[in-house]
Amino acid sequence: MAERPPLILASRSPYRRALLEQVRLPHEAIPADVDECRHPDEPAHDYVLRLARAKAEAVAERRPDALVIGSDQAAVLGERVLGKPGSEARAREQLATASGQCVTFLTGVAVVHAAGGRRQSDVVPYRVHFRDLDETTIARYVALEQPLDCAGSFKSEGLGAVLFQRMEGSDPNALIGLPLIRLFDFLLACGYPLIGSEE
């Protein structure tokens, strides 16, 4: 591509926006507003991949000139998918369930450039091993951090690190909601300069 095309994040997530700002990628955020309900018996891997693609495609229909980034995340504990809690009571329940366990965070990422006919997508896993958490620690954490819009009920970039024994994965940004290393692979494949002149 001769010129750097517009970059659009198909999300209203402030965490994903902050990650793009950290790496100085100028972008616009346009929420995709797709149905995020999980299909019956849909594996978590397929679910986050489908939603990442759907979000990117929905915005790319309106902006075919742009490189559109879609992303979605699910926290998986055994066979159970932990979504965004939405309430303090639910957040406390999720963290109590995760106590002493390993939770796998699956983050789907997609990049669509409709005008160029390019579509790329993948799922990046990241595993978090939780400490044994008592009720007081959980209650204090939820009251202080208010992680009600976060899959699994914690923010790794805040006090969340206090809850972990160890973490495993290729890209810690995936835990925040946008796997930057895989995203960079996709953008470079589209000829997008990651380090360029500021607009």
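## A phenylalanine cluster

Phe-130 is buried, and Phe-164 is too; buried here means under 20% relative accessible area, exposed means over 50%, and partly exposed is in between, using a 1.4 Å probe and protein chains only. Before going further, a word on where this comes from: this is a predicted model, in which local features need pLDDT of at least 70 and side-chain atom pairs count only at pLDDT 80 or more, while totals for chains, interfaces and linings use all residues. Residues are numbered from 1 along each chain as its sequence is written, and side-chain values use heavy atoms, with hydrogens and water left out.

Back to the rings. The structure has four aromatic pairs, a pair being rings of Phe, Tyr or Trp (its six-membered ring) with centres within 6.5 Å, called stacked if the planes are under 30 degrees apart, edge-to-face if over 60 and tilted for the rest. Phe-105 and Phe-154 have ring centres 5.2 Å apart and planes at 90 degrees, so they make an edge-to-face pair. This pair ties together distant parts of the chain, with Phe-105 in strand 5 and Phe-154 in the loop between helix 4 (135-145) and strand 7 (164-169), 49 residues apart. Helices (H or I, at least four residues) and strands (E, at least two) are DSSP runs numbered from the N terminus. Phe-105 counts as buried at 1% relative accessibility, and Phe-154 counts as buried at 4%.

Phe-130 and Phe-164 also pair edge-to-face, at 5.6 Å centre to centre and with 90 degrees between the planes. That pair links distant parts of the chain as well: Phe-130 sits in strand 6 and Phe-164 in strand 7, 34 residues apart. Put together, ring pairs join Phe-105, Phe-130, Phe-154 and Phe-164 into a cluster.

## Strand 5 and its neighbours

Strand 5 (residues 102-113) is mostly covered, with 10 of its 12 residues buried. On one side of the pairing list is strand 3, which runs antiparallel to strand 5 and is joined to it by nine bridges; strands pair if DSSP finds at least two bridges between them. Asp-72 has Gly-108 of strand 5 as its bridge partner.

Strand 5 is also antiparallel to strand 6 (residues 118-130), this time with 12 bridges. Val-112 stands opposite Arg-119 of strand 6. The two strands form a hairpin with four residues between them, and Gly-117 in the turn has a positive phi of about 70 degrees. Thr-107 belongs to strand 5 too, and it is buried, with a relative accessible area of 0%. Its side chain makes a 3.1 Å polar contact with the side chain of Gln-73. A polar contact is a pair of N or O atoms within 3.5 Å; within protein, one must be able to donate a hydrogen and the other to accept it, and residues adjacent in sequence count only if both atoms are side-chain atoms.

## The largest pocket

The largest pocket holds about 590 Å³ of space. A pocket is found on a 1 Å grid over the protein atoms alone, as an open set of points where a 1.4 Å probe fits, with protein on both sides within 12 Å along at least five of seven lines; lining residues have an atom within 4 Å of a point. Grid points are joined across faces, edges and corners, and the volume is the space filled by probe spheres set on the points.

There are 32 lining residues, and Ser-13, Arg-16, Asp-72, Lys-84 and Asp-149 lie nearest the centre. Two or more lining residues come from each of helix 1 (14-22), helix 2 (44-62), strand 3 (67-77), strand 4 (80-82) and helix 5 (173-176). The lining splits into 16 nonpolar, six polar and 10 charged residues, where Ala, Val, Leu, Ile, Met, Phe, Trp, Tyr, Cys and Pro count as nonpolar, Asp, Glu, Lys and Arg as charged, and the others, Gly among them, as polar.

## Loops with something to look at

His-27 sits in the loop between helix 1 and strand 2 (28-29) and is buried, with a relative accessible area of 16%. Its side chain makes a 3.3 Å polar contact with the side chain of Arg-17 and reaches the backbone oxygen of Leu-25 at 2.9 Å.

Most residues other than glycine have a negative phi. Arg-24 has a positive phi, near 60 degrees; Arg-24 lies in the loop between helix 1 and strand 2 and is exposed at 64% relative accessible area. Asp-41, not a glycine either, has a positive phi of about 60 degrees. Asp-41 is in the loop between strand 2 and helix 2 and counts as exposed at 77% relative accessibility.
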